[in-house]
Amino acid sequence: MPPDEARTATPFEEPRRSLMISSLPRETIISIVLFAAVWQVMSYLAPSLGIPAFAIPGLGRIAQSLTKITPLDVAVTLGRVLLSLVVSFVIGLLVAVLMYLSDGVEKYLRPMVRILMAVPVVSWILFAVLWFKGVEFRIVFVLVVVCAPVFTVDALDNMREVSRDLKQMIRSFRPTPLQFFHKLMLPAITPGIITSWKITLSLAIRVVTIAELVGAVTGIGHQLSVAQELFSVADVFAWTLVLVVLLFLLEALLVRLETHILRWRA
Amino acid sequence: MTGASAPIEIAQLRKVFRQTTSGQSITAIDQLSLRIEPGELIAIVGKTGCGKSTLFDLLIGLEHPTAGSITIGGKTPYDDFNAFRGKIATIFQQDRLFPWRSALDNVKLPLELIGIAEDTQHERAMTWLKRLGLEKFANAYPRELSGGMRQRVAIARAFAVQPEILLADESFSALDEVTANELRKTFVELAREFKSTAILITHQLEEAMAVGDRIVVFGKSAALLADVRMSDWDRADYPLLREAIQNTLQANAPDARLMR
């Protein structure tokens with residue numbers, strides 16, 4: 001039997017995000033250079049405008065601060081973020097599965113999840129300081145309690161949106177509950193899970209910094225706290241830059257992973 | 001493949017749905033009794049909303065009847081759900097392939113579910129893809145295949161488990177006529193070769209007559225309007241048969257001449 005024609009590629013396809021990120025567009029470079037130039041001009045003009053010189057340090061001073069960045073602090077912050085995200089993901093997904101499987105569980109847990117999401121990060125930090133002794137545990141606790149509900153809500157919504165037709169098809173072959181989740185639900189919600197990771201990654205980077213400001217003796221947040229005590233705007237700028245670059249690198253890594261995992265979508 | 005060994009016995013089957021919004025009851029199937037012999041190729045035809053697809057869901061075991069029963073070899077597909085693992089396969093109107101799996105991996109899916117060894121899975125899935133002329137597209141994702149090719153993968157997936165019972169719900173009605181005819185022919189050939197009990201549910205009388213050894217016509221709430229064995233009719237009389245079935249469908253009243 002001769003097979004009919006395979007579908008031809010769509011002529012207009014979206015540009016791949018990985019390419020957009022790995023090769024910066026000209027406009028991005030221009031806007032960064034413009035910002036740097038304006039900053040440098042402001043730095044020169046600051047004293048004549050009545051602004052203290054330390055408030056807007058020159059690019060040279062910032063570059064000097066960048067050379068003093070300690071990789072250990074970057075690694076510690078990165079480690080905390082990744083560990084917390086993995087723990088949040090596992091907890092978030094398990095809770096979502098339980099809520100998906102049982103309407104009763106869903107009815108009890110949904111308000112709790114919503115309440116957790118509504119609590120401000122600062123409150124969680126204060127609770128962590130008051131409740132726990134260990135600094136590391138405090139930081140991981142804050143990150144998990146902030147990120148896990150996001151994973152739960154996203155995973156649950158994605159599970160609910162899995163095509164009824166696909167569910168009926170696989171059920172007709174009588175899978176075990178584990179096979180049902182492993183063969184259908186997990187792959188079907190993977191695109192949503194990756195989006196969820198992108199959101200929580202950015203959230204975690206911002207939250208970890210605040211959590212590290214309180215009590216931590218290592219990490220980027222701690223270094224920012226030290227810089228603030230020394231009135232060193234250049235150091236604050238340098239560490240912030242490191243955080244932003246770290247976030248961009250991790251996002252680029254996620255996009256590469258997404259391109260590979262979701263190659264079937266192309 | 002040994003083929004089907006037990007008849008499907010449908011006795012006084014009734015299925016009532018209660019609408020969640022209005023609370024009204026809808027009788028999808030009312031007192032249906034039917035016996036389908038092993039290896040029989042039966043086409044069930046009826047208008048939209050006559051209860052065909054409800055019967056399909058009951059036969060798969062995804063719904064429980066309100067009253068009555070479906071038994072196959074002394075077991076029911078809904079209460080003894082797992083007893084039918086690897087024995088019932090389905091082909092739906094849409095291909096229902098997993099978009100994240102290649103054609104080969106889609107055919108392997110039911111084999112994975114019933115616990116066939118990895119080597120055998122690959123070998124058997126490839127055999128079926130070759131059989132359906134898709135060996136060159138084994139690694140293609142569904143989005144890279146045409147509608148006809150995807151439906152062929154779905155047919156390969158159903159036959160790969162070597163089912164005793166094969167259920168097809170409007171499986172060819174979404175395809176163009178040329179592809180649909182080709183796939184109907186393949187479906188009939190394979191069902192006969194492997195001696196599966198095959199049930200095709202359709203709203204197209206022409207399709208039912210092209211595929212079925214036996215045609216069962218449903219009226220409202222799956223009322224049995226006609227039950228015709230095609231071999232009882234001369235090919236020259238098919239236009240008469242077609243007209244008689246159309247009339248009984250139109251009138252929604254059984255025709256004694258069309259009851260075997």
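This report describes a helix pair, a set of strands and a chain contact in a predicted model.

## Basis

In this predicted model, local features need pLDDT of at least 70 and side-chain atom pairs count only at pLDDT 80 or more, while totals for chains, interfaces and linings use all residues. Residues are numbered from 1 along each chain as its sequence is written, and chains are lettered from A and ligands numbered from 1 in the order in which they are written.

## Helices α7 and α9 of chain A

Helix α7 (residues 135-160) of chain A and helix α9 (residues 177-213) of chain A have axes that come within 9 Å and cross at roughly 155 degrees. Therefore α7(A) is roughly antiparallel to α9(A) (angles over 145 degrees count as such). Axes are lines fitted to C-alpha atoms, for helices over the stretch in contact, and angles run from 0 to 180 degrees between N-to-C directions. Helices (H or I, at least four residues) and strands (E, at least two) are DSSP runs, numbered from the N terminus.

## Strands of chain B

Strands β1 (residues 8-18) and β2 (residues 25-36) of chain B run antiparallel, joined by eight bridges; strands pair if DSSP finds at least two bridges between them. B:Glu9 has B:Arg35 in β2(B) as its bridge partner. The two strands form a hairpin with six residues between them, and B:Gly23 in the turn has a positive phi of about 80 degrees.

β1(B) is also joined by five bridges to strand β4 (residues 67-72) of chain B, and these run antiparallel. Here B:Ile10 has B:Ile70 as its bridge partner.

## Contact between the chains

Chain A gives 20 residues to the contact and chain B gives 33 residues (residues are in contact if their C-beta atoms, placed from the backbone, lie within 7 Å). On the side of chain A that touches chain B, α8(A) gives the most, with six residues.

How values were computed
Angles under 35 degrees count as roughly parallel, over 145 as roughly antiparallel, 65 to 115 as roughly perpendicular and the rest as oblique. Two residues are in contact if their C-beta atoms, placed from the backbone, lie within 7 Å.
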